[in-house]
Amino acid sequence: MEKICPKCGAGAEHLKRIDEVKKHYPSSTEINGMADFYKVMGDETRLKLLMSLEAAGKLCVSDLSCVLNMSISAVSHQLKVLKVNKLVKATRDGKTVYYELDDNHVKSILEIALEHIKEEDNT
């Protein structure tokens with residue numbers, strides 16, 4: 001007797017596809033990490049900071065506060081969130097701390113997201 005999907009009544013082919021999806025599915029820990037990542041990325045101010053760093057390479061807090069027209073303390077708070085979540089890194093040069101994107105993955109994510117949004121605008 002052929003197995004039937006208990007949810008939709010479809011045959012074995014559906015069950016095979018379901019099993020394939022489950023094999024490739026991330027763990028609960030990975031899913032939670034991704035959800036946290038998108039929560040951080042979902043903030044407009046943090047995205048502006050990331051895009052500023054993507055454009056400039058490295059900027060100090062005061063430069064970023066000028067670009068975003070925000071207080072230094074507000075920018076510092078958001079940079080801390082980005083740093084804790086490994087989206088930016090900081091390097092010290094004398095008394096000045098410079099921030100930059102943590103790695104090329106962050107840059108790629110920003111570029112792909114922007115490309116996707118621009119693509120939607122052209123439809």
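Me: What classes do the residues lining the largest pocket fall into?
Reply: The lining has 10 nonpolar, no polar and no charged residues. Here Ala, Val, Leu, Ile, Met, Phe, Trp, Tyr, Cys and Pro count as nonpolar, Asp, Glu, Lys and Arg as charged, and the others, Gly among them, as polar. This is a predicted model, where local features need pLDDT of at least 70, side-chain atom pairs count only at pLDDT 80 or more, and totals for chains, interfaces and linings use all residues. Residues are numbered from 1 along each chain as its sequence is written, and side-chain values use heavy atoms, with hydrogens and water left out.

Me: Which residues line the largest pocket?
Reply: They are Phe37, Tyr38, Met41, Leu47, Met51, Ile109, Leu110, Ala113, Leu114 and Ile117. A pocket is an open set of points on a 1 Å grid over the protein atoms alone, with protein on both sides within 12 Å along at least five of seven lines, and lining residues have an atom within 4 Å of a point.

Me: And which helix gives the most to that lining?
Reply: Helix 6, with five residues. Helices are DSSP runs (H or I, at least four residues), numbered from the N terminus.

Me: Switching topic: at what angle do helix 3 and helix 5 pack?
Reply: About 80 degrees, with their axes 10 Å apart. The axes are lines fitted to C-alpha atoms over the stretch in contact, and angles run from 0 to 180 degrees between N-to-C directions. Helix 3 and helix 5 are therefore roughly perpendicular (65 to 115 degrees).

Me: Which residues make the contact?
Reply: Thr45, Arg46, Leu49 and Leu50 of helix 3 meet Val75, Gln78, Leu79, Val81 and Leu82 of helix 5. Contact means heavy atoms within 4.5 Å. By class, that is six nonpolar, two polar and one charged.

Me: What does helix 5 meet in helix 4?
Reply: Val61, Ser62, Leu64 and Ser65, which touch Ile72, Val75, Ser76 and Leu79 of helix 5.

Me: How many salt bridges are there?
Reply: The count is six, taking a side-chain nitrogen of Lys or Arg within 4 Å of a carboxyl oxygen of Asp or Glu. One of them joins Lys48 and Glu44 at 3.3 Å, N to O.

Me: How far apart are Lys48 and Glu44 along helix 3?
Reply: They sit four residues apart, so about one helical turn separates them.

Methods. Helix = DSSP H or I, 4+ residues; strand = E, 2+ residues; numbered from the N terminus. 1 Å grid on protein atoms, 1.4 Å probe; cavity = no way out; pocket = protein on both sides within 12 Å on 5 of 7 lines; lining within 4 Å. Parallel < 35°, antiparallel > 145°, perpendicular 65-115°, else oblique.
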